[in-house]
Amino acid sequence: MKKMTRRGLLGSASAAWATALIGRPAHAAAEFDFKLGVNTPDSHPLTVRLTEAAKEAGARSSGRLNVTVFSNSQLGGDPEMLSQLRAGGIELLRRPR
């Protein structure tokens, strides 16, 4: 019979802990994760409604779609956001008229 050491016990415990963590299913992430850039502040009616629409889209898609609204030019000004849209950095842009 093999003698049990502290190192062996800690190694076994670590392996069991890692197996338990890896064996768990991950929380389901959204299948589609979109970024929406707008240049209006958080309190602007357009931003408020876009945020509500994003939440509603997530709810109606059963969590498959997640739209994150970046307001107040967090992603840059209109030219920068348009460039990001073309490059694929963001998926949605509210462009001014």
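Read along the sequence, this protein follows the pattern α-β-α-β-α-β, built from three helices and three strands. Helices (H or I, at least four residues) and strands (E, at least two) are DSSP runs, numbered from the N terminus. The model is a predicted one, where local features need pLDDT of at least 70 and side-chain atom pairs count only at pLDDT 80 or more, while totals for chains, interfaces and linings use all residues. Residues are numbered from 1 along each chain as its sequence is written, and side-chain values use heavy atoms, with hydrogens and water left out.

Let us start with the strands. The three of them form an open sheet in the order β2-β1-β3, with parallel pairing. Two strands pair if DSSP finds at least two bridges between them. At the edges of the sheet are β2 and β3 (92-93), each of which pairs on one side only. Between β1 and β2 there are six bridges; in one of the pairs, lysine 35 has threonine 68 in β2 as its bridge partner.

Next comes α2 (45-60), which lies across β1 and β2 and runs at about 165° to β2. Here axes are lines fitted to C-alpha atoms, for helices over the stretch in contact (heavy atoms within 4.5 Å), and angles run from 0 to 180 degrees between N-to-C directions. Which residues of α2 are buried? They are Thr47, Ala54 and Gly58, where buried means under 20% relative accessible area, exposed over 50%, and partly exposed in between (1.4 Å probe, protein chains only). These three cover an arc of only 35° around the axis, so they sit on the same side of α2; the arc is that of the directions from the helix axis to the C-beta atoms. The buried residues of α2 pack against β2 (65-70). On the face turned away from that buried side are the exposed residues Pro45, Arg49, Ala59 and Arg60. After α2 comes serine 62, with a positive phi near 60°.

Finally, look at the loop between β1 (32-37) and α2, where threonine 40 is found. Threonine 40 counts as buried because its relative accessibility is 10%. Its side chain is joined to that of threonine 47 by a polar contact of 2.4 Å. Such a contact is a pair of N or O atoms within 3.5 Å; within protein, one must be able to donate a hydrogen and the other to accept it, and residues adjacent in sequence count only if both atoms are side-chain atoms. Leaving aside neighbours within four places in sequence, threonine 40 is in contact with Leu46, Thr47, Ser71 and Asn72.
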